[in-house]
Structures are given as structure tokens and as C-alpha cells.
Amino acid sequence: MRIISTIFTLLFFAAISYGQNKNESKKEEHQDTISIYKTFRVDFKEDPVREEVFQTFKNYLYTREDQYKDNPYWNQEEQEKYGMYDFSASLIYNGGLGQLDLQFIKDHIDILVLSIDKMEEGLYSISAEYQVKGSLKKKKDYLKLLCIQRVDAIRENGKWKLQNYRPYYISDWKSYNTKHINYHYSKHYKFDKKEAKQAENFYQKLLDTYKLEPKNKSIDYYLAGNSVELGKLNGFDYFGISYTTGMTNMFDGEITSSIKIFHAHELVHFAFYGTKNVKRNFLIEEGAAYFLGSRIHNSKDYKKTLHNLINDIKNNPDYTIGNLIEQNNDKIPFNGYDYKYPFGALLCKMVYDKKGKKGLKKLMFSNTYKVENLKDVLKNLLGLKNDRQLSDNIKKTAENI
Ligand SMILES: [Zn+2]
């Protein structure tokens, strides 16, 4: 209820400011065609620096698609530190590295810059609302509010550059480091060192047992106490699209989570994220994390979804092994859970039961991205001659768990 009323208030406010500002803040056309509006609060006369920051924000949007690396409108230090340096982009555009699609923004999104406020000397903060195109003018379209982004601007070599909101936001946060995990949390967060040690032990044991050398030497683990903090960490005042309880960015070795200190499932992903160039099937990536992580530390959910899957394999004619292994989503009706996790775990369990840790490691470091490759690797590890045998074997295992 609270969420709904907040959105109402916000939209009401946005509608008012938009209305008040209709004449003064005409669409900024001089670059070209992204629809960027601003509210009365973004008053350039009152503070001319706002205009420079506003221009930087626009320049960044126009140049990012073609110039993701060494973008002149984003803080260079962050660009060097992170592969995916613009944290909120992956949630806004539902993609990662360099996937901002300028045409998509032009065609589908209206941006309303709500405020550009001075935070301290040399630091401004931008709040920008992203909305389905045209919907700012229609009734009931608060539901089409995608997100409100928060991004900062700092001075770098005499120019304004965008920067994630995170450095300012967490500047008074605490940290606690184990050997592989650097935890970051606010002073409000009830941090439990014992749990952090359990996580470290679990991770270390994975590395030892499977003799792994993960790509990331350490993991930066940002603990959000609630969904508001999670949003801020990823550059949002509000995020309606891709709402989540956590984000894992293996590429840059970091997690933001509003769930817990010891997240076994995610740690499995990190441990097996190696330097080898392996194209892993989603079923195996998630299946292994589910089998090695969730099975032990979230066993209730694990058992429940596995039980559901087995039930569907036995009784639901659409849940054939062929459809499942090919991830034929069109043919598999949703039945209250994501089949890919328990089904992937089932495949990993079969290999583990037959060939132990070495077998599972082999499965994890084989190219299984294409279904044909996945089937070949499984047949090889399980000692089966053809697809028919593989399919029968998986079905039999499922039915006898
Ligand atoms: Zn996962």
C-alpha cells in the first residue's frame, strides 16, 4: 500500500511540475531526438552550473552507445575500475556492457530530469525519471514509470563528468574483510561477523575441493539493509523495472544484496567463474549454484522446487526431458517455479553421483552453451551412447529421487 501511495505522490508532483513548467522547459532539441524534459526545480538561472551538468547528462546518453570505452562524459577512474561502470544502466536497459541502445531510448522512453542539486563543492546529484514514451501525458500512467535514476556529476580536469551515486552514498559506510570477501554496510546494518566467517569458509572450501582459481581475487559484497538502500547502491531512487533483491556482477567481482551476508548460491557462481574461456549452458551455471549452494543453505526451497519438477516430469505431458533440456519455454507452461534451476541441479547431481567432484568440475568447464554440446558432454560423463539413453536416464533418475 505504501509503495502505491508513494508512486501516487510522486506522479502527482511530477505532473504538477511538468504542468507548471510547460512553457519554460520545452523539449531540448538542439542535440537531436531523445525526449528529455526537466522540472521547474532544474532552474538554470538560479544556478548556471546546473545547465553544464544537464548538458553532461545528455552528452553521455548521446555518446555512450558508440563510445562505451573512454567515454568523455563519465568519470575516468570508474571506467578503469569497472567493466560495467554505469551501474543503473543494466537495470534500465536490461543489458550489461555497452548495451545502451540509443534508438530504443528515442523510440520508447521519455526522460524527465526531476532535480540537479548541489551536494557539496564540486559535486552535483541528478535525479531522472524514465517513463514509457508519451505516458507522462496520459491518465493512470504512473504504472508506466520505469525508474528514477540517481547519478552524480563531479569535476574532473576542469570538466563535469558523470559518476555513480554509490561513492557518495557509501562514503560513511563500514567494511569488514575476510580473505576473499570485502563486505560493505551502513551504520544501521546489523552485521554478523560469524555469518561472514561461515561464508568465507564455504567459499574457501569450494576453492579447495574443486581446485579452483576464480577470475576475481576478491568479491566486493555490498549489504543493503532494505530495498531502498539496494536501489541507491545501484543508482536508483526508485526502480520499478527489473525489481530484484540483489544483483551479482561477476565481471567486476561484486554483489549488491538485500538478503543476507552468507549467500551460498552466489558464491558458487563466483568460485566457478574462471579465467578459462568457457561458454556454459544456463542450466549448468544455475544448476551447479543450486545444487552446491541452495541445496545446502536454502534446502527448503530447493526441496520444494525439485519436488515440483519431479511431479511435473511424472504427470505433465509438456514437461518432457527433450523440452526441458532444450529450454523450450514456449512448450513448457509456467507452473509456479522456474524449472531451469531444479532441472539444472538434477543434471549436476547425476554427474556428481556418477563421477564425483572431478566429473562435476569437468561439466562446469566444458562448452555446454549449445544444447548439442551439453548433451554430448553429459553422455560422455554418464557413459551413455545416444540421446535416447540420456533422456531415459534423466527421466528415471527424476522418478526415483
Ligand atoms: Zn544464480
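Helices α14 and α15 are roughly perpendicular to each other, because angles of 65 to 115 degrees fall in that class, with under 35 counting as roughly parallel, over 145 as roughly antiparallel and the rest as oblique. The axes of α14 (residues 371-382) and α15 (residues 387-399) cross at roughly 75 degrees and come within 10 Å. Axes here are lines fitted to C-alpha atoms, for helices over the stretch in contact, and angles run from 0 to 180 degrees between N-to-C directions. Helices (H or I, at least four residues) and strands (E, at least two) are DSSP runs, numbered from the N terminus. On the α14 side, Lys375, Leu378, Lys379 and Leu382 meet Asp387, Leu390 and Asn393 of α15. A contact means that two C-beta atoms, placed from the backbone, lie within 7 Å.

Before going further, the provenance. This is a predicted model, in which local features need pLDDT of at least 70 and side-chain atom pairs count only at pLDDT 80 or more, while totals for chains, interfaces and linings use all residues. Residues are numbered from 1 along each chain as its sequence is written.

pLDDT is the predictor's confidence in each residue, from 0 to 100. Its average over the chain is 87, and 88% of the residues score at least 70. Where does pLDDT stay under 50? That is residues 1-30, for which the model has 23 contacts beyond four places in sequence. Where pLDDT is low, the predicted coordinates should not be read in detail.

Some totals. The chain holds 15 helices and eleven strands. Of its 401 residues, 37% count as buried; buried means 20 or more other C-beta atoms within 10 Å of the residue's own, exposed means 12 or fewer, and partly exposed is in between, with C-beta atoms placed from the backbone. Among contacts with a separation of 6 or more, 62% come from residues 24 or more positions apart.

α10 (282-297) and α11 (residues 299-315) pack with their axes 5 Å apart, at an angle of about 120 degrees. The two helices are therefore oblique to each other. From α10, Tyr290, Ser294, Arg295 and Ile296 meet Ser299, Asp301 and Tyr302 in α11.

Now the sheet. Five strands form an open sheet with mixed pairing, in the order β6-β7-β8-β11-β10; two strands pair if DSSP finds at least two bridges between them. β6 and β10 stand at the edges with a single partner strand each, so one side of each has no neighbour in the sheet. Averaged over the sheet and ignoring direction, neighbouring strands are turned by 15 degrees against each other.

Going across in that order, β6 (residues 174-177) pairs with β7 in the antiparallel sense over four bridges. Lys174 stands opposite Tyr185 in β7, and a hairpin of three residues joins β6 to β7. In β7 (residues 181-185), four of the five residues are buried. β7 and β8 run parallel and are joined by five bridges, with Ile181 opposite Ile219 in β8. What is the hand of the β-α-β crossover from β7 through α7 to β8? This crossover is left-handed; right-handed would require that, with the strands pointing away from the viewer, the path from the first strand over the helix to the second runs clockwise.

β8 and β11 are also joined in parallel, by four bridges, and Asp220 stands opposite Glu254 in β11. α7 packs on the sheet, where this helix touches β6 and β7, and its direction makes about 150 degrees with that of β7. Finally, β10 and β11 run antiparallel over four bridges, and Gly246 stands opposite Ser257 in β11. Their hairpin has four residues between the strands, and Gly253 takes a positive phi near 70 degrees there.

Which residues of α9 are buried? They are Ala264, His265, Glu266, Leu267, Val268, Phe270 and Ala271, seven of the eight residues in α9 (residues 264-271). The elements covering them include α7 (193-210), β8 (219-223), β10 (246-249), β11 (254-257) and α10.

Ile154 counts as partly exposed, because it has 19 C-beta neighbours inside 10 Å. Leaving aside neighbours within four places in sequence, Ile154 is in contact with Asn75, Gly122, Leu123, Lys161 and Gln163. The C-alpha atoms of Ile154 and Trp74 are 9.2 Å apart, across 80 residues of chain.
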